[in-house]
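Please read them with the structure open.

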Amino acid sequence: PAFLARVLAYDPKQAVVAQTLGVVAHALGILAVGRLADRYQPRRLMRAGAIALVVLAYPFYMALAAKTIPLTVLLVTAGLVASLVNGTFAALLTDMFPTRIRFSGVALAFNIAFTLFSGTSPLVATSLISRMGSPLAPALVMIVSGLLTVAATFGLQSRGGHVLAARGSRG
């Protein structure tokens, strides 16, 4: 909401409502994608979501800045696209570690990644906006993150031999 209100001059109330609806759509999308991950390879769903984020990041920020598409539509769509990544990573992450170290492995991997990316993204985006002088600069953060995610999906083993293989999933 701060970026939308301060940088792009959206009404603060509209920004909060649109973001809340986007988060609700994201949460529901995560549930749906989690269900799909039982039937389809989660790494491919994650890859599709990451590719969509890479391809749609710049047009998303352009539409935000130009106000050509209603804010709620943009944020709900962004939440649904992001759910392809967020709805699959739990299954993929747990499959990377044997049961005896799973809790520690997942906690360590998740917290390091969350700190590096989610913790620093607002600072990086703000720095890019000020250096580039463009409200579209945060799209670069999304694109780089999406490209890293796509690359990581190719390094995942199809069947790590832990959770997904035991359930008979094609993960």
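1. L108 sits in helix α6; helices here are DSSP runs of H or I with at least four residues, and strands are runs of E with at least two, numbered from the N terminus. With a relative accessibility of 54%, L108 counts as exposed. The terms are used as follows: buried is under 20% relative accessible area, exposed is over 50%, and partly exposed is in between, with a 1.4 Å probe and protein chains only.

2. The model is predicted: local features need pLDDT of at least 70, side-chain atom pairs count only at pLDDT 80 or more, and totals for chains, interfaces and linings use all residues. Residues are numbered from 1 along each chain as its sequence is written, and side-chain values use heavy atoms, with hydrogens and water left out.

3. L108 belongs to a nonpolar surface patch of about 570 Å², together with I112, L116, F117, V144 and L148. Helices α6 (102-118) and α8 each supply at least two residues of this patch, and α6 gives the most, with 4 residues. Patch residues have over 30% relative accessible area and no salt bridge; nonpolar side chains (Val, Leu, Ile, Met, Phe, Trp, Tyr) are joined within 5 Å, and like charges within 9 Å. A salt bridge is a side-chain nitrogen of Lys or Arg within 4 Å of a carboxyl oxygen of Asp or Glu. Accessible areas come from the Shrake-Rupley method with a 1.4 Å probe, and for residues only the protein chains shown count as cover.

4. Helix α8 spans residues 138-155 and includes G146. G146 is buried, at 4% relative accessible area. Leaving aside neighbours within four places in sequence, G146 is in contact with A50 and V54, where contact means heavy atoms within 4.5 Å. G146 and V55 are 91 residues apart in sequence, yet their C-alpha atoms are 9.1 Å apart.

5. How do α7 and α8 pack, in angle and axis distance? Helix α7 (residues 121-132) and α8 pack at about 130°, with axes 8 Å apart. That makes α7 oblique to α8. Axes are lines fitted to C-alpha atoms, for helices over the stretch in contact, and angles run from 0 to 180 degrees between N-to-C directions. Under 35 degrees counts as roughly parallel, over 145 as roughly antiparallel, 65 to 115 as roughly perpendicular, and the rest as oblique. On the α7 side the residues are S121, V124, A125, L128, I129 and M132, which meet P138, L140 and V141 in α8.

6. A65 lies in helix α3 and is partly exposed, at 33% relative accessible area. Not counting residues up to four places away in sequence, A65 touches L8, P135 and L136.

7. S83, in helix α4 (residues 71-86), is buried at 2% relative accessible area. Beyond neighbours within four places in sequence, the contacts of S83 are H26, G29, I30 and V33.

8. Most residues other than glycine have a negative phi. A9, in the loop between α1 (2-7) and α2 (12-36), has a positive phi of about 60° and is exposed at 54% relative accessibility. K67, in the loop between α3 (42-66) and α4, has a positive phi near 55° and is partly exposed at 41%.
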